[in-house]
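Visitor: Please show me the model, and then let us go through it by question and answer.

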Number of protein chains: 2
Amino acid sequence: MEVTVAVDCMGGDHGVRVTVPAAVDWSRRDPQCRFVLVGLQDQIRAELQRAGELSSERLRVHHATEVVGMDEPPANALRGKKDSSMRVAIDLVKSGEAQACVSAGNTGALMAISRFVLKTLPGIDRPAIATMLPTLKGHTHILDLGANVDCSAEHLLQFGIMGAELVASVEGKARPSVGLLNIGEEDIKGNEVVKEAAVLLRGSGLNFYGNVEGDDIYKGTTDVVVCDGFVGNVALKTSEGLAQMLATYLREEFRKNPFTRMLGLLAMPVIKSFKDRVDHRRYNGASLLGLRGVVIKSHGSADAFAFGFAIEHAINEVRSGVLAHISERMAAPERKVKPA
Amino acid sequence: MEVTVAVDCMGGDHGVRVTVPAAVDWSRRDPQCRFVLVGLQDQIRAELQRAGELSSERLRVHHATEVVGMDEPPANALRGKKDSSMRVAIDLVKSGEAQACVSAGNTGALMAISRFVLKTLPGIDRPAIATMLPTLKGHTHILDLGANVDCSAEHLLQFGIMGAELVASVEGKARPSVGLLNIGEEDIKGNEVVKEAAVLLRGSGLNFYGNVEGDDIYKGTTDVVVCDGFVGNVALKTSEGLAQMLATYLREEFRKNPFTRMLGLLAMPVIKSFKDRVDHRRYNGASLLGLRGVVIKSHGSADAFAFGFAIEHAINEVRSGVLAHISERMAAPERKVKPA
């Protein structure tokens, strides 16, 4: 299936140096993919040339005169920068010229502009940010990661439905299991919102596992983990901090003296294979799920390798028809799942 | 300074097999320490004998006929088991026969019984669970870890004061920095409670750093990290899950084939030194802070080495007079810190 992806080429810490090579690389790997490269055209063309390409039907350059700053208030970006690369890329999804947008820019601005331009799917009150994380069993999907700091039980239910449809569509899993992030397994645990959400999830027809705890994320207890954006953001950032600390400590231990340095060199293939398994770049690309269009947020610090995974997520979501599946589910009577 | 610690010998996954040897070991290391070993006396005496000791003034056995189950509802333990080892150990703190209680039992029951028997310090609405975590710079203290799932801004302020007094007292640090766990550094980030808490903390006279994010915990950005119990519990459990996953992956990589196994053996001293640095057993022992008495909760799965650290926390809190310092601070006009 042919897919056209609009790339906000100016977003992220590295801008065109990362976004353009990643799109070029992907266009070579998948002949069914087209890219609209949005941003300052001179910069984009220079990068294309460096990668040995020219603007073409499959790598079309679309000029946009403004750039959203990484720390710019979302309201500024939304109201003041109608010709930013981010805004224009999302406009292309709205008009149907592209089926998905990928950006490594300012998350708040991307969410604000996406909601304003694309609107939410029928029955969805708020979009959520969903990402994949590695687990002992493979990987899991967690949402929300920061779009919604205050959630009602109904919002958490909607996140559960969206997460389950995402896994069912993209991974072809029949009835993905959904866990509700809490501070204990028992029903009596947690705050009122979480307790009420558990009741809604249990009656939803989803394959609801029940409460899960923080350690269940990396155990891979369920296919989907649902939480509010405050808790999800803290869990994700805490994980990043811990992983960095452990990596630093391990490096220091191997650099202690000439003998440990030699061991480090010898063990390099083992360490490299370990690093590859948990390489966060392979998990780059969070979905802004619940919009009338596929929008993928790449980490701002992503390199071209990582940005490629964000592009892959966009393509997979388009091809699997996840948005149509969410809409169908939301329109179904009582939003029940069809029996498996 | 002489300190008497009441040990709930029956709590935890391993009961007397862990608690008694840890107390014996500590009594040998610190002649100023006395222990009251509370629980089923036959079991305790048998363990003492195995450790080459008899009941003595410094290792006194105090019989208690009941045991609180690890999954028992706290209300049951509180109302139905007046002669449980946990209850009797806390009663000993109340009566002044001991200055601290250490238990590896059911957290909910320990908190409920402690609140009921000891009550909170003047000015403290709710006790919080505080623990120490390793960081890139040393360690940090985080609270609350699950005692309070719904917190007001005022509660978060009280946690900040208690955390700062804990670090000031036990570590002798003049004005410990306090961070508020949030999902961004900017003041506009987070939910209403967190925003209001930031205002209160800024006006409190504490050395308030401002908002910190999840990754700041392990970066060691501040001496104290304040959050509600839901968020803190998820952050801690998520860390446990990630650490376990990474350890499993690393082990698997070193066990892949005979060559990697050999490398693993060679690298053993490096891996061991790394493990020692982040050994969670060294961080065992969470304070139930804000009560009129020192109560330390050990991890249920602790071994004697880990339980020893929980005992050490109890002794340090007693000797440093942290409870008196919290009371003084809460009684001070506007609860301002004395100028450094």
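Visitor: Which residue in S10(B) is the bridge partner of B:Ala128?

Guide: This is a predicted model. Strand S5 of chain B covers residues 128-134, and three bridges join it to S10(B). The two strands run antiparallel. Within S10(B), the residue that bridges to B:Ala128 is B:Leu289.

Visitor: Which residue in S11(B) does B:Ala286 stand opposite?

Guide: S10(B) also pairs with strand S11 of chain B, residues 294-297. That pairing is antiparallel and has two bridges. Opposite B:Ala286 stands B:Lys297.

Visitor: Which residue takes a positive phi in the hairpin of S10(B) and S11(B)?

Guide: Four residues lie between the strands of this hairpin. The positive phi, near 115°, belongs to B:Gly290.

Visitor: Are the residues of S10(B) buried or exposed?

Guide: B:Ala286 and B:Leu288 point one way from the strand, while B:Ser287 and B:Leu289 point the other way.

Visitor: How many residues does H9(B) give to the side of chain B that touches chain A?

Guide: The contact takes 46 residues from chain B and 46 residues from chain A. On chain B, helices H8 (214-219), H9 (229-254), H10 (258-266) and H11 (268-278) each supply at least two residues of that side. By make-up, the side has 24 nonpolar, 13 polar and nine charged residues. H9(B) gives the most, and its count is 21 residues.

Visitor: Which element gives the largest share of the side of domain 1 of chain A that touches domain 2 of chain A?

Guide: Chain A divides into domain 1 (1-124 + 290-323) and domain 2 (125-286), and their centres, taken over C-alpha atoms, are 25 Å apart. Domain 1 of chain A brings 23 residues to the contact and domain 2 of chain A brings 17 residues. Helix H5 (107-118), strand S11 (294-297) and helix H12 (304-320) of chain A each supply at least two residues on the domain 1 side. The largest share, nine residues, comes from H12(A).

Definitions and conventions: Residues numbered from 1 in each chain as written. Chains lettered and ligands numbered in written order. Predicted model: local features only at pLDDT ≥ 70, side-chain atom pairs only at ≥ 80, totals over all residues. Contact = placed C-beta atoms within 7 Å. Nonpolar A, V, L, I, M, F, W, Y, C, P; charged D, E, K, R; others polar. Buried ≥ 20, exposed ≤ 12 C-beta atoms within 10 Å, placed from the backbone. Pairing = 2+ DSSP bridges. Domains from an automatic or database assignment.
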